[in-house]
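I set out to record the aromatic rings of this structure and the charges placed over them. The entries follow the order in which I looked things up.

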Amino acid sequence: MTTEHASTHGRPGKPQGVGARVPRKEDARHLHGKGNFVADMAMPGLSEVAFLRSPLAHARITAVRVADQIAGNVFLRQAMPDARDIVADSTLPTYQASAQPPLASGKVRFVGEPVAMVFAPTRAEAEDYAELIEVDYDDLPVYADVDSAQAAQGDLLHEQWRDNVFVTLNADKQFDEHAAQAEVVVRRKIDLARQCMVPMEGKAVLAYWDHQADQLVVVSATQVPHMIRSVLAQCLDLEQGRVRVVSPDVGGAFGYKCVLQQEELCVAWLAKTFKRPFRFIEDRREHLTAGANSREHHYEMVAYADRRGRLLALDAKITIDGGAYSVWPFTIGLEPGQAIGNLPGPYAFKGYRCVTRAVATNKPGFVPYRGVARTGVCFAMELTMDAIAREVGREPWEVRLENLVQGEQMPFVNVTGKHLDSGDYPASLQQAMDMIDVAAVRERQRQGEADGRLIGVGLATYTEQAAHGTSVFAAWGTPVIPGFDQATARVTPDGGLELRVGVHSHGQGMETTFAQIANEILGVDVGSIKLLHGDTGQTPFSTGTYASRSLVMSGGAVSQACKRLLPRLTHIGAHLLQADPASVVWNQDRLEAGGKSVSVKDVADAWYLRPQLLPPDVDPAGLEVTVGYKPKVDTGCFTYATHAAVVAVDPGTGGVEILDYVVVEDCGTMINPMVVEGQTIGGVAQGIGTAFYEETPYDENGQPLASTLADYMLPGATEVPNMRLHHFETPSPHTEFGAKGMGEGGAIAPPAVLFNAVNDALRPLGAAELLRTPLSPTRVLAAIAQGVAAQAKQTVQPATAQVMA
């Protein structure tokens, strides 16, 4: 990896403060095997839980028989009357709510749905017990795709519904007026496959009853401990004060762990009921079957442009395969809401019409995955932009350059009302084109490759809405609306600093970046700053870690808390120095005045241990503050980037090699560029998986066909290229330090970039466009064959040829 950096904020920076490349504090324990995950924990009397899961996608449960010798260790839904179903309500007008039982009740709705819960001293014994349970099923019609689900006339997934559609959203802004002016019309059907998220650690939950506190303690690998506490209390009819949720080290999440899982509710119910410890650890097969719950979008795009390729209007139909249940708290409404609002991306056109619907099918319920709809909308939009460029005979980057919101237009409100806060989108595109050297690539294409491979170049520009606030989630109608994030900052007796926040880290580096924010303000050494997070019993409230919000929201609260401490420390320090507080100057963690200095440690010593040294008018609130924060404008801040790639395609095998990959990203002021780069590289790796490898196909019976890692392909080290990164830094006007969220961005653009590059490489062969993920060698060869056949028959127009394999 190589990096370049172009800053526009002019901040000189402190050695450990904002902008410093401080090594991640949390890495040491993980690299030495000292992490503390749910699976590492041991407790006296701990029982392991396994689930008997449905082998059918849609069926009524007609009978269940449990062997007598295991009857006391097996539970069905009817044995849990004091556990409520998981219901994620929404205020969206067309929304139909689903009730997801902790264990299947009456019928099953996807392969892998839990039917019975079994516990034993070991997981192996629990699985053996599960094999002694017999279940009789009566088959129902299976809706394995959105078309069959929408065509259903009876036997719906949820009997009380009017049809199999969760929700339909519509937008129409001056579409007819601007579409009528078009000289060029381009149509495409574009599809993304269903995926799993595949964190290293799957679902993991351990629950027990704390008799001293008279409290249910749930230790869960969750991104959102405070929200899980709220919903568990609701589902188990407990006061929130009698539920504590602890999220220890978490082995990756990517959105998979930001919702209430059925297994979390079941294990918590066991602990509440029996006042003993129970644990469930998801295995990989369970994840690949019951967790295939993201990315599946289907687009019908019609773009209206002038002869230069200037986009005038866009008409889109988006259908999302929502699976069987709407998840709590974000609901299935989040995905179509994000899709309809973010499809225009960074482009400044004026006519827009879009219908997006989420359809219920016999698959696991759709869960927000890193990028939340924006990977899909970027894929659809950027393939469409390339199609426009081909239609008007111009370079794709030239067409984009004229369509992007221009730097001088910022801040800009786009056609869907998104408040694009800052940045220079054309500059990022131009920088990426300079780095990839398009002219040299075109010359290489003209000369040809000695090995017969075909060279292609592709690009994509996107926006990443981050840290969406109250107004955005209220418009989406979710049952929990984020407001203020809180942070506590407390100076310790030895002059260190303790920070407490309600978000939780599962790889974001918060223990480092939040310490850097505090260091920037108070000068305390990063090594002396401790972050406490992930425990509802010890931290102030936050809705949690999702939507690239943590650094903006909780990081902003940390900043505000430290700023509130500053005058209190200064006042005590000035008294110790016998100086006017106005004359005190901060130098790292020392306060200086009149040629003398004291440290934060000296101030803390006076407060905690030698109060006789304190000024008579000292603030009795002391050296601890709790502050709530949200940005001045809560519609979100917008990170943006341009990705570009050069690929080589082997027309004989369909194999694709990434020869070069560049990222030009602007996430505002970077708190730690090294953390930003790590997030970007990891995101691009996931995006390569979406583009080339990852897919959970289903047969007509709703059976998942990729249940092991032998079938579900992931990119490895040899498939992820060396990347070249360039940073712009355009501060957001709305946030602390001008920072923006960026944790999801790396995963958004790669599918579009790589498909555009491969399509560019195959153009000389007249190949059909590839418009469906993943881009497998089989599909590449099919595209070539389809193009050859079309040329031979002279019946298919290249502008509309598509691969549907």
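I first noted that Phe75, Phe119, Trp269, Phe274 and Phe278 form one aromatic cluster. The model is predicted, so I kept to its limits: local features need pLDDT of at least 70, side-chain atom pairs count only at pLDDT 80 or more, and totals for chains, interfaces and linings use all residues. Residues are numbered from 1 along each chain as its sequence is written, and side-chain values use heavy atoms, with hydrogens and water left out.

Rings of Phe, Tyr and Trp (its six-membered ring) pair if their centres lie within 6.5 Å; planes under 30 degrees apart are stacked, over 60 edge-to-face, and the rest tilted.

I looked up Phe51 and Phe280, an edge-to-face pair with 5.1 Å between centres and 85° between planes. Phe51 belongs to strand E2 (residues 47–53) and Phe280 to strand E15 (residues 278–281), so the pair ties together parts 229 residues apart in sequence. Strands are DSSP runs (E, at least two residues), numbered from the N terminus. Phe51 and Phe280 are both buried, that is, under 20% relative accessible area with a 1.4 Å probe, protein chains only.

I next examined Phe473 and Tyr546: their centres are 6.0 Å apart and their planes at 85°, so this pair is edge-to-face. Both Phe473 and Tyr546 are buried.

Last, I checked charges over rings (NZ of Lys or CZ of Arg within 6 Å of the ring centre and within 35 degrees of the ring normal). Lys563 lies over the face of Phe737, 5.7 Å from the ring centre. Lys630 lies over the face of Phe484, at 5.1 Å.

Technical notes: Helix = DSSP H or I, 4+ residues; strand = E, 2+ residues; numbered from the N terminus. Buried < 20%, exposed > 50% of the residue type's maximum accessible area, 1.4 Å probe, protein only.
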